[in-house]
Amino acid sequence: GNAGVGSTQSDGFAIDTLRPTASITVSDTALQAGETAQVRIVFNEVVQGLDLSDFSVANGVLSNLRTTDGITWTATLTPNAGVQAGANQISLNNAGYTDLAGNAGVGSTQSEGFAIDTRPPTATITVDAIELLAGQTARVTIVFSEVVRGLDLADFIVANGTLSDLRTVDGIIWTATLTPADGVQAAAESIRLNNAGYTDLAGNTGVGETGSESFAIAT
């Protein structure tokens, strides 16, 4: 019938059931062709086991994942070519890493949104006459796939003629006047546009050359 006295304590034990969490930021939220961005992943504690396979990237790839302290990680985001998309994210599968106690993250973490425009602008050129005689001119229409800027007459090459009065009201449809050279007899002439001479609003330049349909000159 003797009762115990006081209290008895077990040996000590630690509890860590706090799961790691992450936040993701992107250094450039409007990426164009040739650009990359730094991605910063910050955890609430040191984590281990994180690798590139834990991420999914809309319209791009991640590389060069690294850390110096296990809490702040960085990677390089490279956008895919030929993409025009306004709402992209990086998603992290939180089950892919653990804290030092072995707790895995839960669910997924998304970055802020970022835009990608790596699609070069393109053009088509039409001439409203199939044959030009002495004293005649033709209207040339250049239609782009998107708004462009920086286009000027120096970007065009015209065999046996000249362009003038280049203008636009919306940046997509441009017009000019074609005047043939005197004393020319040619059955298949064209206007060529150097696509490196202009950019879209994101700064992407065109690629190569664009030629017009053929037209004849009889002056």
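The following questions and answers concern a predicted model and the grounds for several terms applied to it.

Q: What makes the pair Arg167 and Asp165 a salt bridge?
A: The closest N and O atoms of Arg167 and Asp165 are 2.6 Å apart. The criterion is a side-chain nitrogen of Lys or Arg within 4 Å of a carboxyl oxygen of Asp or Glu, and therefore the pair qualifies.

Q: Why is Asp165 called partly exposed?
A: Its relative accessible area is 41%. Partly exposed lies between the limits of under 20% for buried and over 50% for exposed, so the term applies to Asp165.

Q: How do you know that Arg192 forms a salt bridge with Glu209?
A: The closest N and O atoms of Arg192 and Glu209 are 3.0 Å apart, and the cut-off is within 4 Å, so the pair is counted. Arg192 lies in strand S21 and Glu209 in strand S23, 17 residues apart, and the pair thus links distant parts of the chain.

Q: What makes Arg192 and Glu209 partly exposed?
A: Arg192 has a relative accessible area of 35%, and Glu209 has 49% relative accessibility. Exposed requires over 50% and buried under 20%, so both residues are partly exposed.

How values were computed. Residues numbered from 1 in each chain as written. Predicted model: local features only at pLDDT ≥ 70, side-chain atom pairs only at ≥ 80, totals over all residues. Heavy atoms only, no water. Buried < 20%, exposed > 50% of the residue type's maximum accessible area, 1.4 Å probe, protein only. Helix = DSSP H or I, 4+ residues; strand = E, 2+ residues; numbered from the N terminus.
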